[in-house]
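Welcome! Please take a moment to look over the sequence and the 3D view before reading on.

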Amino acid sequence: MLYFKIMDTDKLELLLTKGNYVFVIGNGINQYAELGSWADLLKNLTNEDDSLRQMISEDSKSEISFFEIYDLLKLQKKSTEIRNSLLDKIEQSYTKKDDRILKIRNALKDLKFPILTTNYDRNLDFDLNKHYLDTSSNFTRIYPWNVCYSDIEKGKFDTLNDFAVWHINGVVDYKESIRLGLKDYAGLFAREKKFYVGNSNEKSVQPNFSTRNTWLDIFFKKPLCIIGLGLEKDEIFLRHLLLKRYQYRKNGCLTKIAKDSPADIFICANKDEKAIPFLELLGFEIVRTKEEKDYSGMYENTVEVLKNLKTKRK
């Protein structure tokens, strides 16, 4: 079935033919599948008359981020109760088999385009096997960065060239890994620093060998295609990594990312443009939908492009 073209699919297909991309997928895919959003989860923890509830909206003009709202909720109520309640809701309400999500996942799997997701649930990989990959950085349940989900046989998995799903901000299998508040995100910055050598102000700074077999290796060494992720005020860690990645590419520190490598891509619905100036400065190509907030069309058109690519590769 061919869907009505609501975005420049020819442009997207042309861009994707130029490289072996990794797709960075945010919570938009759960909203597309009508499974709810991060905002919905937080609203369930507030009262009807709670002033915080007015700030928990995808369209809110509040400058308070979702993880700051979470921290404020912890101050109002018992900290452990809030965290446990939120984690239970994530596991119960979100980790489900959904044909719309699987359609996207399988189209990427067929092309061996790995997925990096900011989502905690296992909607994208509920039927895949867990892999613990060898790395010089010790595995911890708080930072399971060398854990991915794939159906490839253990021992034959190639981090950079095979399909797998990786979780950036934690996963329900390791509840300790899930990032909810500011303190949690501060921990990500501290952990990430261990993967670099050199002075941050020098050209020599680069990921050291400990990034091998972690999602950081894929993030830095493969062209990115971001979809369903606003990259607004809540995604400070990813924005930081994008800046660092841009620095490496500009300085030529990463031999596997040439200056003439395929362009990174940002797929978004029309009017979702807050992050676009930032991404354009980093060299991203932007693919928008024609209609405002047409998320269903955005995903359906992307799947059609991926299927066309698979057909042409045969």
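Here is a short tour, from the whole chain down to single residues.

This is a predicted model, in which local features need pLDDT of at least 70, side-chain atom pairs count only at pLDDT 80 or more, and totals for chains, interfaces and linings use all residues. Residues are numbered from 1 along each chain as its sequence is written, and side-chain values use heavy atoms, with hydrogens and water left out.

**The chain as a whole**

- The secondary structure comes to eleven helices and ten strands; these are DSSP runs numbered from the N terminus, with helices being H or I of at least four residues and strands being E of at least two.
- Of the chain's 314 residues, 55% count as buried, where buried means under 20% relative accessible area, exposed means over 50% and partly exposed lies in between, using a 1.4 Å probe and protein chains only.
- Among contacts (heavy atoms within 4.5 Å) with a separation of 6 or more, 69% join residues 24 or more positions apart.

**The nonpolar core**

- In soluble globular proteins, nonpolar side chains tend to be buried together.
- Here the largest nonpolar core has 95 residues, and L16, F23 and W215 touch the most other members; such a core is a set of buried Ala, Val, Leu, Ile, Met, Phe, Trp, Tyr and Cys residues joined through side-chain atoms within 4.5 Å.
- Helix α11 gives the most to this core, with six residues.
- Leaving aside residues up to four places away in sequence, W215 touches L116, W145, W166, H167, I168, F237 and L241.

**Helix α11 and its partner α1**

- Helix α1 (residues 9–16) packs against helix α11 (residues 295–313) at an angle of about 45°, with the axes 10 Å apart; axes are lines fitted to C-alpha atoms, for helices over the stretch in contact, and angles run from 0 to 180 degrees between N-to-C directions.
- That angle makes α1 oblique to α11, since angles under 35 degrees count as roughly parallel, over 145 as roughly antiparallel, 65 to 115 as roughly perpendicular and the rest as oblique.
- From α1, T9, L12, E13 and L16 meet N301, T302, V305, L306, N308, L309 and K312 of α11.
- The residues of this contact divide into five nonpolar, four polar and two charged; Ala, Val, Leu, Ile, Met, Phe, Trp, Tyr, Cys and Pro count as nonpolar, Asp, Glu, Lys and Arg as charged, and the others, Gly among them, as polar.

**Helix α11 and its partner α6**

- The axes of α6 and α11 come within 9 Å and cross at roughly 25°, which makes α6 roughly parallel to α11.
- This crossing is left-handed.
- K103, I104, A107, L108 and D110 of α6 make the contact with Y299, E300, V303, L306 and K310 of α11.
- Six nonpolar, no polar and four charged residues take part in the contact of α6 with α11.

**Residues in loops**

- E34 has a phi near 60°, a positive value in a residue other than glycine.
- E34 sits in the loop between α2 (28–32) and α3 (38–43), and counts as exposed at 65% relative accessibility.
- K112 also is not a glycine, yet has a positive phi of about 60°.
- The loop between α6 (99–110) and β2 (115–117) holds K112, which is partly exposed with a relative accessible area of 44%.
- T140 lies in the loop between β3 (129–132) and β4 (147–150), and is partly exposed at 26%.
- The C-alpha atoms of T140 and S177 are separated by 8.7 Å, with the two residues 37 apart along the chain.

Conventions
Left-handed = near helix turned anticlockwise from the far one by under 90°.
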